[in-house]
Amino acid sequence: LAVLPLSALAMGACVTSEASRPDAVRSEESETINVVLKEWYVLPDRQRVHESNVTFKVANRGRMDHEFIIIKIDLPLDALPVYKKGLNEKKAGRKMGEIEDIRPGETGEMTIYMSPGRYVLFCNKVERQDHETISHYRRGMRVAFTVRSDKD
């Protein structure tokens, strides 16, 4: 079961992440990243941070429901395993956290410890509209994100 912050429940967003593990948020350092979701992009106010606890404040400014997922990846963004319905999350890398079902005008928040490496921030929603399958990921709702070590 996911631990849900009261703020997420009040806003209708479901938060699941490794932050519910006692060792997941373990750095003295902390950074905040503001993220906007909209058809068809994920726009963080920064794409690089130092190794630390990172709080993602995610606002849906679009007209559709979106989700916000973070996966730590080894491959470049354009080499990730994508299929017709979007990113294959299990093969892409290690899922770090997710905020599900952020409705238009709503926000969600999660804090996770991020170690050095490459990540992808994305929406992987898939819907049917007018007999067409719409993959938010394939339409462009993804962005690379980098975490540097304290030495960088």
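Let's start with a word we need: a residue counts as exposed when its relative accessible area is over 50%, and as buried when that area is under 20%. Keep those cut-offs in mind. One caution: this is a predicted model.

Today's topic is salt bridges. How many does a search of the whole structure find? Six.

Take Arg63 and Glu39. Their side chains meet in a salt bridge, at 4.0 Å from N to O. This pair links distant parts of the chain, 24 residues apart. Arg63 sits in the loop between β5 and β6. Glu39 sits in the loop between β2 and β3. Now, is Arg63 buried or exposed? Its relative accessibility is 70%, so Arg63 counts as exposed. Glu39 has a relative accessible area of 14%, so Glu39 is buried.

Next, Glu31 and Arg46. Here the N to O distance in the salt bridge is 2.7 Å. Again the pair links distant parts of the chain, this time 15 residues apart. Glu31 lies in strand β2, residues 30–38. Arg46 lies in the loop between β3 and β4. Glu31 is buried, because its relative accessible area is 17%. Arg46 comes out at 33%, so Arg46 counts as partly exposed.

Glu132 is partly exposed, at 40%. Arg139 is partly exposed too, at 34%.

Last stop. Which residues are linked in a network of salt bridges? Glu89, Lys95 and Glu98.

Terms used:
Residues are numbered from 1 along each chain as its sequence is written. This is a predicted model: local features need pLDDT of at least 70, side-chain atom pairs count only at pLDDT 80 or more; totals for chains, interfaces and linings use all residues. Side-chain values use heavy atoms; hydrogens and water are left out. Helices (H or I, at least four residues) and strands (E, at least two) are DSSP runs, numbered from the N terminus. Buried means under 20% relative accessible area, exposed over 50%, partly exposed in between (1.4 Å probe, protein chains only).
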